Amino acid sequence: MKFTRAIACVFLFTACTPNGVLVSTNGGTSVATVTRIDVSIAAFGQSATPAGLALGFSPIVANVAVGSGVQFVNVDNTSHTATSIQGTTFPPTSPFTFSATTPSGSTLSSGFSSGTMQAGQSSAIFLVDKPGTYLYGCFFHYSGTMRGEIVAQ
Ligand SMILES: [Cu+2]
């Protein structure tokens with residue numbers, strides 16, 4: 001009997017708590033893992049990505065699992081956004097409107113924006129709902145190639 005209970009606990013533990021804690025996305029879905037993407041134009045220099053030149057986010061290409069969450073954290077001392085872009089390569093000119101400065105969306109596939117994140121602020125947690133490649137960029141610094149990529153599998 002003791003043995004059976006111990007086995008059940010092991011199964012429950014591994015099934016429920018990779019990180020020990022479930023957190024809620026802004027759409028209300030619970031996720032066990034949240035990938036943090038740090039945001040700083042000062043700290044993270046330019047590199048080549050499959051979608052084009054990019055900078056200002058770390059990791060600049062984030063590999064994430066469907067069913068997990070993504071959160072942007074502004075570790076810079078100036079304001080930024082992380083705002084989704086349609087397509088598979090970065091457009092040469094900014095695809096954004098001023099609406100990028102307002103938070104929107106709850107999943108990667110629906111399109112999203114962190115809204116303006118002041119220094120030290122974090123975005124909502126967005127659900128990684130479907131496999132795919134998701135591009136995004138900063139409303140304020142798009143022309144300076146402040147852009148990033150999320151690959152969801
Ligand atoms: Cu920016």
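Two strands are said to pair if DSSP finds at least two bridges between them, and helices (H or I, at least four residues) and strands (E, at least two) are DSSP runs numbered from the N terminus. The model shown in these views is predicted: local features need pLDDT of at least 70, side-chain atom pairs count only at pLDDT 80 or more, and totals for chains, interfaces and linings use all residues. Residues are numbered from 1 along each chain as its sequence is written.

**View 1. The pairing of β8 with β10.** β8 and β10 pair in the antiparallel sense, over 2 bridges. Gly69 stands opposite Leu127, a residue of β10.

**View 2. The open sheet with the order β6-β3-β8-β10.** This sheet is formed by 4 strands, and its pairing is mixed. Its edge strands are β6 (57–58) and β10 (126–127), each of which pairs on one side only. Strands of a sheet pair through backbone hydrogen bonds, either parallel or antiparallel.

View 3. Asn77 is found in the loop between β8 (69–74) and β9 (83–85). Asn77 counts as exposed because 10 other C-beta atoms lie within 10 Å, where exposed means 12 or fewer such atoms, buried 20 or more, and partly exposed in between, with C-beta atoms placed from the backbone. Ser40 and Asn77 are 37 residues apart in sequence, and their C-alpha atoms are 8.0 Å apart in space.

**View 4. The chain as a whole.** The chain has 1 helix and 12 strands, and of its 153 residues 31% count as buried. Among contacts (C-beta atoms, placed from the backbone, within 7 Å) between residues at least 6 apart in sequence, 65% join residues at least 24 apart.

How values were computed. Two residues are in contact if their C-beta atoms, placed from the backbone, lie within 7 Å.
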